[in-house]
Amino acid sequence: MKKLLLLGAFCFTLIVNAQKTEKENVKATIVKFFESFHKQDTTKLKAMAKGDIIMQSISVDKEGKTVLQESDYSQFLKNIASIPKDRTFEEKLLDFNIQVDGNMANAWTPYEFWYNGNFSHCGVNSFQLIKVNDEWKIIYLVDTRRREGCKN
């Protein structure tokens with residue numbers, strides 16, 4: 001009986017550690033995404049995605065109506081590349097909530113966005129990722145954007 005309990009505890013520990021490692025790998029992918037984003041490295045950004053991923057942004061217009069903006073990843077990359085080098089921008093990630101199930105992961109990352117040293121907006125990113133050949137790739141990204149209710 002002791003051997004059976006010990007074996008069960010060992011297997012549970014392996015599963016928990018494997019899950020933790022995958023969460024760390026997903027987090028590392030997202031951190032790398034933002035490092036590449038801030039450096040305007042569109043080659044690395046393109047390599048981190050699986051195909052031309054879907055990108056959406058949810059905001060509220062001046063009339064208080066919810067607005068959904070959609071763009072394709074290739075346009076996002078062109079926009080990043082076109083930002084003048086004398087401009088600074090930083091998306092500061094405030095936290096990570098990562099869920100993993102096999103080869104699929106979701107990451108929820110609250111953020112603040114700063115442009116030329118000034119606070120611009122805050123919100124949450126929601127990444128969907130797929131594990132392909134032992135590498136996490138982004139397949140979908142949606143964010144919220146607001147100026148009110150931010151912690152800055």
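The paragraphs below start with the core and then turn to the rings.

This is a predicted model, in which local features need pLDDT of at least 70 and side-chain atom pairs count only at pLDDT 80 or more, while totals for chains, interfaces and linings use all residues. Residues are numbered from 1 along each chain as its sequence is written, and side-chain values use heavy atoms, with hydrogens and water left out.

Phenylalanine 33 is buried at a relative accessible area of 2%, and phenylalanine 127 is buried at 0%.

Aromatic pairs are rings of Phe, Tyr and Trp (its six-membered ring) with centres within 6.5 Å, counted as stacked when the planes are under 30 degrees apart, edge-to-face over 60 and tilted for the rest. The whole structure holds 9 such pairs. Phenylalanine 33 and phenylalanine 34 form one that is edge-to-face, at 5.1 Å centre to centre and 90 degrees between the planes. The rings of phenylalanine 33 and phenylalanine 127 have centres 5.7 Å apart and planes at 80 degrees, so this pair is edge-to-face. Ring pairs link Phe33, Phe34, Phe37, Tyr73, Phe76, Phe89 and Phe127 into a cluster.

Note on methods:
Buried means under 20% relative accessible area, exposed over 50%, partly exposed in between (1.4 Å probe, protein chains only).
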